[in-house]
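Please keep the sequence and the structure in view while reading.

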Amino acid sequence: MSRIFKKHTLSVAVLSALSCSVSATPFDNNNEKSTEETEVIEVRGMRGSVASSQEIKRLSDTVKDVITAKDIGALPDKSVTETLQRVPGVTIERFESTTDSNHFSSEGTGVVVRGLKRIRSEINGRDSFSSNSYGGGLSYADIPGELLGRIEVVKNTTADLVAGGVAGTVNLVTRKPFDSQDMIVYGQLKGTYGDHREEVTPAATLMFSNVWETENGRFGFLIGGTDSTYKDRGDGIGVESYYERSSTARETEHFGAFGTAIPGMEDRTVFTPAGVAIRSSDSDRTRTGLVTSAQWENTEKNLKVMAEYIFSDAARERDERVVQYAEQGFRVNPNNIGFVNGTFDDEGFMTAGEVNTNWLTNASRFNKVKTRIEDYSLHVDYSPTDYLDLAFDYQHVDSSNSVVDWTYSSVMLPTMASWYNFDGETNRPATQIINTGVEFDLSGDLPRGIHYTGEPANPMFNEQAFMRSKMDHEEDNEADLDAFSFDLEYHIEDSWITSVKAGAYASKKTQLSRNSDWNWGEVGGAWSNSFETSYLKHPELYESYTFKQNEFFGGGHLKSDQTFLFPRFADVHNFRNFGESIRDISAGAPDLDERANTVDGYLDSEMTETSEERLELYVQANYEFFDLTYPIKGNFGLRYVSWQVESDGAIRFPAPFGWDPQGTAATIAEFYPYENAYANGAEGARSFIKGDRYSKLLPSFNISMELNEDLIVRFATSQNIYLPTFSNFQNFKNIFSSRVYDYNVAPGELDVTSVSFSGQTGNPNIEPEEALNMDLSLEWYFSEAGSTTLSIFRKELDNIIRKRLFTENVTNPEPFNGEDNTMPVDFQTDTNEGSGTITGFEIAYTQFFDFLPGAWSGLGLSANYTFISQSDVEDKKGFGEGSAGAGGRNSYRAFKNLDLPGYSDDTVNLALMYEKDDVAARLAYSWRSDYLLTRRDADQFAPVIAKATGQLDGSISYKINDDVKVGFEATNLLDEVIETELMYEQNGRQTPRNHFKTDRRFGAYVTVSF
């Protein structure tokens, strides 16, 4: 068969050394029909990895970037996610959830390619799949880097690739037995220390691989495992939403008072925050991973069989203590924010001083996430003739995912003069604490001078504490995947069409999701039995914790040590038993498993069964014009996708109206009888919905031209889709009640001015997002481990998935007064709406300076820069039309024309490398500009912007001999502070939100390989 591009000696050497690891994806074939002998000069270490990476990129059939680990353990970072951020156009997410901006992770949690999260994740060319409803497969961090041969980031596509990566496809390729003809035994022990957590955590990796030549063919077997523990501590300072304080303020009209001017400032318009929060959390992460692979090749070398098994068991636990004014943004009544003193900037926003929130919440929160995945696969390559290659692939995945999130909160209410009103046996004086507020200074780069007033050191301050509320939330998901593929390639001689490929892919994913409500409930209220759970009467329920001035957030941010009483973590960890015991002294709300009509703690409406079926067919022609002045090669093809979902679920109606300070159930029953009957906590019958079948033809065209031996110009265009996740199309309806009050009515008058209903639902008829992708690149490979690339790209997006409101009439299954009880409900759901374009360019450069004299010849540099611009993809409608919901939940700061979340205009990566003799070192810096983290924060209910940030990491290793290497690595050397801001108004004004600081980590390791 013809070979288009001339390969210099190094190219052939690198490809020969890579052997079948270069073609480890299931649909590639390792043809060994050529009998020409080539002298192999194997380049190892960082140079070898760079050389093999750029050679795979050079010979690829579309736009692709590759990171290889020529040596075991040679990936340049402590995790796969961290490694991916070094790729041009790739950034990583570090928040544990983009909708919960209060929890920052020291480890990377997600990947963004060219400004989009619409990525297809693969392992060995197959689906990376887990039971997580929100998308994403096996976490990149759960695959040990030592067991990977390379990472591919495919930024455009070809017809023979499975659809799903509008932004790109990330493929992790594990090591295979046939990667080496020698027996390999590898082991690594590592200890990592975090300077804030001040604990050392261990990690161990073992791998064995060997190949045996027998009369029945060649056999290979590889097994590798890893076990690691990771502990860190994170501190955070959060500024609550700002609110206008003037006689003409209108944002919170639902509180009944239009004007919220500060007394004495009636002629001014100023803005104050609701408060300042501090938090500290300890996170423990454990991971156990196993990768096995068995290969066999017959003596004729035309049949190969490979079986693989991947196992991952990962868990993360977090203990968090938070002191805050715990109100969601839309629930804050600015009239209750007491301004004590302060200074304001030129626009009237408070920069320093003291506000009095009247109460503080001290919350102890335990969160645990556990994921288990087993991935089985079988791959067969068969070449019955010299012209025909056949490939068959089967994959089965079993996955489970569980979440527990348990919180108990105590509160201090200074307005409570004494406990005498609630307990006649107490002789405590009727002494009132005047303030429960907070001092702060936001005038500098970071918040400082934070001090909670009311004198926490005063025993009466702590005696005023009582157990206010608890909240539990749990998830328990199970899912499985079965996928089949068949591919054939027919090679043609003496034709510009060098081969024709065709194939089919079919998969079915199923999920049983158990996802509970966020079960918030009162344990005690200031108007009820709060004394029974007070510190004064039951000190055993509490433990004190001190935020130390010289340690919290690295020191210098608190005005003094701050000690508070928190619910005991021992009790929070034992949530179920604790809930039962505390009800002996308090008539608290039931836990999840104590609700009526539950199965294993879940209501019928909290359980959905969902499946997704997919069929894909393709045909692709590969072509070459090798006798032209400027040889060209490429491919063109067509892929057909058919996709359909179905889901079984139920409706949950609102809980009955309970007592609250503004209205009673009796009041609502009298004036709103139908609404009161509608909110009866009933569950509707289960329903089965089969979504509309989605079909799409996806054309693709790729061409590359060799201007000379080392200079290539490449153009690629294709259509691709991104499939919705289970969370988008699950069949469920959760309905909630909303009441609006008039706080200024006379005693005895009705204070509820309206009752309405809103809810959340999935959308089984949602469609995939679509994109037309175009790439043009110029690639110059000027040395064996040196290259420069300039890429220009454009993505035309359509069918963008967005949150929207719509109104539907829903009938309660229980009639009222002999009539059907039907109410209009404003649902929030995911739907397809909007289009736009993303354009940008990437510049990448890598070189080792071998021409420098002596030890300097070991220096190398890698650098890349990406610029991205969005056009017309902004969400022009916000959440759409519909009910504002309770307290304006749906309309509160739901701004329009926001960018797509996750998109940064600029990203920069710099890496200074050194490799000489037995020493290898690397210093790498990654930076990204600010971006929209979420358009709707779960706490403040406003858009959150993540500020520009960077991270510097380093490593150095020394090879003692051919078998033993020792090394040292460091992460977050600059002790970076992560900052976010809240969007205050439509014109883009931003106010401070969160500031986070996590551990700097230092690790030492030893590896043995022979």
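## Two loop residues with positive phi

F941 sits in the loop between β44 and β45, where strands (E, at least two residues) and helices (H or I, at least four residues) are DSSP runs numbered from the N terminus. Its phi is near 55 degrees, a positive value in a residue other than glycine. With a relative accessibility of 8%, F941 counts as buried; here buried means under 20% relative accessible area, exposed over 50%, and partly exposed in between, with a 1.4 Å probe and protein chains only.

N799 also has a positive phi without being glycine, near 60 degrees, and N799 belongs to the loop between β37 (786-798) and β38 (801-816). At 16% relative accessibility, N799 counts as buried.

## Basis of the model and confidence

The model is predicted, so local features need a pLDDT of at least 70 and side-chain atom pairs count only at pLDDT 80 or more, while totals for chains, interfaces and linings use all residues. Residues are numbered from 1 along each chain as its sequence is written, and side-chain values use heavy atoms, with hydrogens and water left out.

The average pLDDT, the predictor's confidence in each residue from 0 to 100, is 86 for the protein, and 86% of the residues score at least 70. Over residues 1-41 the pLDDT is below 50, although this stretch has 105 contacts in the model beyond near neighbours in sequence, a contact being heavy atoms within 4.5 Å. Residues 415-434 likewise stay under 50, and the model has 43 contacts for them beyond four places in sequence.

## Overall fold

The protein has nine helices and 50 strands, and 58% of its 1010 residues count as buried. The accessible surface, computed by the Shrake-Rupley method with a 1.4 Å probe and, for residues, with only the protein chains shown counting as cover, comes to about 39500 Å², of which 52% belongs to carbon and sulfur atoms.

Helix α2 (residues 45-59) has 15 residues that should span 21 Å at 1.5 Å a residue, and its end C-alpha atoms are 21 Å apart, which agrees; the expected span is 1.5 Å times one less than the number of residues. Because 14 of its 15 residues are buried, α2 is largely enclosed by the rest of the structure.

## Salt bridges

The structure holds 66 salt bridges, each defined by a side-chain nitrogen of Lys or Arg within 4 Å of a carboxyl oxygen of Asp or Glu. In one of them R233 pairs with D282, with the closest N and O atoms 2.6 Å apart. This pair links distant parts of the chain, since R233 is in strand β12 (residues 217-239) and D282 in strand β15 (residues 276-297), 49 residues apart. R233 is partly exposed, with a relative accessible area of 22%, and D282 counts as partly exposed at 22% relative accessibility.

D476 and R514 meet in a salt bridge at 3.6 Å, N to O. D476 lies in strand β23 (residues 465-491) and R514 in strand β24 (residues 497-515), so the pair ties together parts 38 residues apart in sequence. D476 is partly exposed at 28% relative accessibility, whereas R514 is buried with a relative accessible area of 15%. A further salt bridge joins D939 and R993, the closest N and O atoms being 3.1 Å apart; D939 is in the loop between β44 (931-934) and β45 (944-946), and R993 is in strand β49 (residues 990-998), 54 residues apart. D939 is buried at 16%, and R993 is buried at 1% relative accessible area.

## A nonpolar surface patch

L189, V919, I956, Y958, I960, V966, F968, V1006, V1008 and F1010 form a nonpolar patch on the surface, with about 830 Å² of accessible area together. Such patches are made of residues with over 30% relative accessible area and no salt bridge, nonpolar side chains (Val, Leu, Ile, Met, Phe, Trp, Tyr) being joined within 5 Å and like charges within 9 Å. At least two residues of the patch come from each of β46 (949-959), β47 (964-971) and β50 (1001-1009). V1006 lies in strand β50 and, at 32% relative accessibility, counts as partly exposed.
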